[in-house]
Amino acid sequence: MGGVAVAVLQPFTLCRPRGGWTPTTRPKSCAGKSRRNGIRVRVKPARAALVEARPTAIRVRDDDVVDGGDRSVKVQIYRGGAVDRADDIQAEARALARAANASVYSPELLVVKYGSSPVKVIRRTLKILTGLGTFGLNLLIDQRKGVIDQNKRRRAVELRQIFTRLGPTFVKLGQGLSTRPDVCPSEYLEELSELQDALPTFPNAEAFACIEKELGVPLDSIYSCISPSPIAAASLGQVYKAKLKSSGQVVAVKVQRPGIEEAIGLDFYLIRNLGFFINKYVDVVTTDVVALIDEFARRVYQELNYVQEGQNARRFKKLYADKKDVLVPDIFWDYTSSKVLTMEWVNGVKLNEQAAIEGQGLKVLDLVNTGIQCSLRQLLEYGYFHADPHPGNLLATPEGKLAFLDFGMMSETPEEARYAIISHVVHMVNRDYEAMANDYYALDFLSPDVDVSPIVPALRDFFDDALNSTVSELNFKTLVDGLGAVLYQYPFNVPAYYALILRSLTVLEGLALYADPNFKVLAASYPYFAKRLLTDPNPYLRDALIELLFQDGKFRHEHCFSLYFYLNGGCSQLVY
C-alpha cells in the first residue's frame, strides 16, 4: 500500500460526512481540549520521537478509559513524542491479543478450504484463464511468427493491464515479478514495475464498522474527528486521517478492505496449481515457480496482519531513525489490531513531486542521498530493510527529513550475503570476473553443482562494455538491466532479498534523475563502501580490502587514494 500518510496538501475535513456516521458513531468536533471526569486537560500534540528518547511517565488511573467503562482500549497520553515504556509494552501485548486469530499462509489449508468449493473455484478460474489465456495465446502466435523479441514490450504492456483487471492478488504478484530479473526479461520488469495498487475505495460505513469491531468500542470514543472520506486507497485497504480523542494526536488510520483474505486465498490456491503446471511442462523457466509463489504469498499474508506491520515499523525505527534526517512514524498500539493500524500522521510530500519539494526550500538530491545511505545501512549493516520503497512510501517533510511509510513488506539480508555483496562490488571494480562468478555461490544464486565457467564470458562481455570509464559513472539501471540479462540466460535463482535490493536502489536513482540527469547512485554509494572497507574489522571485509588494494602482488595506490578521498568526501569517482 502506498503508505499510511500522504502529502500534506491532501484535504483534512473535520465536518460531519455526507450521509452521517454509522448508527453507533458520532464523533464530536475537533477541539484542542479533552474533558475527562469533569476535568479539562490540554494535551500538546506529540512530536516525532527519536529511537532512544527518554519517556516522560504520566500516570493514568486504571478506570480512565476512552469509553467510560470498556477496558479493551485504554488511554495513551503522549508528551514530547515519548510514551512510558511499560505502558507501551502492555499496549502492544493487547494489540497482539486482538490479532491472535490473524490469518497465515498455509497451502494445505487452502487446499482443504477451496478443494470443497468447486463452483467458486471454477468461476474464478474462468476469469483468470480468460485474461491469462489470451496473453498466452498471443505469445504462442508471436513465437510461431518469429516476432517474440520484437513484441516483448507490447506483450509486457498487455500483461500489466491484465494483472490490473484481475485485482489485488495479481497486482501484488505483478509487483513481485517486477523485482525478479531471473524470471522476467527487462521489458516485463519495467512494465510490471509501473503497476499501481490503487483501487476504488470501499464504503465508509464498512470501514468504520471494521474499526469498531476490531477495537471493541464506538468510533466516537476513539476519535474526536475523522476525515469523511479516505485520504488514500490501495489493494489491501484504505487510509483515513483522524484525531485521537484521548490525546489530540493526529493519526493515520489504515483499515483493511473487507473480504480481502477470501479473495487472496482463492487466487493463491489457483496460482499455486498453475505453478505446479509450469514447473512440470515449461522448460524455459528454470526457477522453482511453486517455491516462488509460496514465498510471495507468505509476504502478502504478512501484510494482512497490521499488528505485524506495526512491529516492523517499530523495529525499523529502532535501527535507522537514530539519524536526524530520517523519520519513522510511531505506532499507537491501543488503536491497532490485525485489520486496523493507527500510526502517527506525517506531513510531507511524495518524493517524486519535485516542484512541491523545491517549493518548501528543499533539494530532491539531498533527500535521495539520505535514502541511499539509509538503504545501504538497511541492506548491508543490519540486514533488515524496507522491501517496497516506491515514491508513495517516501515523503519529504517540511523540516527536510526523509520519512519512510508502509512497513507491511519487509525483508532481511543474511549476514554472510551482506559481506558477499561488498566483496562482489570489489570484484566488479577489479574486473575480476571469475571471482564475481564465484560470488554467486556465496550469494546463494547458484547451487554448488552448477559450473560457473560459462557465466564468466557473459559477465566479461557485459562489464567490459559497460565499464568503459569508471564504476562510479555507471548508471545503476544499466547495470541492473545488463546483469538481469545474464541472470535470465543462466540457471540462476535470485533470492528475494537481492531482487529487492536492486529494486530499492533503482527506485532511488530514478527519483534522483528527475532532478539531475547526471546523478549516479553508485557514485553516491561509494563513501559508504569506503568507510566499511576501511573501518570494519570483520575478516571477510579485511580480505576484500586487501583484494582492492593489491592485485598480482602489486600495491594499487590509485585505489588507496580513491578510498581515502571518498571517505573524506573529496573524490568524485573511483578510478582503477
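1. In this note, helices (H or I, at least four residues) and strands (E, at least two) are DSSP runs, numbered from the N terminus. Counted in that way, the secondary structure of the protein, which is seen here in a predicted model, comes to 21 helices and 15 strands. When contacts between residues at least 6 apart in sequence are considered, 71% of them join residues at least 24 apart.

2. If residues up to four places away in sequence are not counted, Phe 445 touches Tyr 440, Leu 487, Pro 491, Phe 492, Asn 493, Val 494, Pro 495 and Tyr 498. Asp 444 is placed in the loop between α15 (433-442) and α16 (455-466), and its phi is near 65 degrees, a positive value in a residue other than glycine. Asp 444 counts as exposed, because its relative accessibility is 53% and the cut-off for that class is over 50%.

3. One sheet can be followed strand by strand. In general, the strands of a sheet pair through backbone hydrogen bonds, and they do so either parallel or antiparallel. Here an open sheet of four strands has the order β7-β12-β11-β9, and its pairing is mixed. The edges are held by β7 (326-327) and β9 (349-350), each of which has a single partner strand, so that one side of each is left without a neighbour in the sheet. Strand β11 (residues 394-396) and strand β12 (residues 402-404) run antiparallel and are joined by three bridges; within this pair, Leu 394 has Phe 404 in β12 as its bridge partner.

4. The charged pairs come next. Side chains of opposite charge can pair when their charged atoms come close, and the structure holds 20 salt bridges. In one of them the side chains of Glu 262 and Lys 120 meet at 2.9 Å, N to O. Glu 262 lies in helix α9 (residues 260-281) and Lys 120 in helix α3, so this pair ties together parts that are 142 residues apart in sequence. Both partners fall into the intermediate class of accessibility, because Glu 262 is partly exposed at 28% and Lys 120 is partly exposed with a relative accessible area of 35%.

5. How far apart in the helix are Glu 158 and Arg 155? They are three residues apart in helix α4, and so are separated by about one helical turn; their side chains meet in a salt bridge of 2.6 Å, N to O. Both Glu 158 and Arg 155 are buried, and for Glu 158 this class is assigned because its relative accessible area is 19%, while the cut-off is under 20%. Glu 158 is also in contact with Phe 135 and Asn 138, leaving aside its neighbours within four places in sequence.

6. Another salt bridge joins the side chains of Asp 406 and Lys 254, at 3.8 Å, N to O. Since Asp 406 lies in the loop between β12 and β13 (410-412) and Lys 254 in strand β6 (residues 250-256), the pair ties together parts that are 152 residues apart in sequence. Both of these residues are buried, and Asp 406 has a relative accessibility of 3%. The phi of Asp 406 is near 60 degrees, which is a positive value in a residue other than glycine.

7. A last point concerns the surface. Leu 137, Leu 140 and Ile 141 make a nonpolar surface patch of about 240 Å². Ile 141 has its place in helix α3 (residues 118-145), and with a relative accessible area of 36% this residue is partly exposed.

Terms used: Residues numbered from 1 in each chain as written. Predicted model: local features only at pLDDT ≥ 70, side-chain atom pairs only at ≥ 80, totals over all residues. Heavy atoms only, no water. Pairing = 2+ DSSP bridges. Buried < 20%, exposed > 50% of the residue type's maximum accessible area, 1.4 Å probe, protein only. Contact = heavy atoms within 4.5 Å. Patch = residues over 30% accessible without salt bridge, like charges linked within 9 Å, V, L, I, M, F, W, Y side chains within 5 Å. Areas by Shrake-Rupley, 256 points an atom, 1.4 Å probe, with all protein chains shown as cover. Salt bridge = Lys/Arg side-chain N within 4 Å of Asp/Glu carboxyl O.
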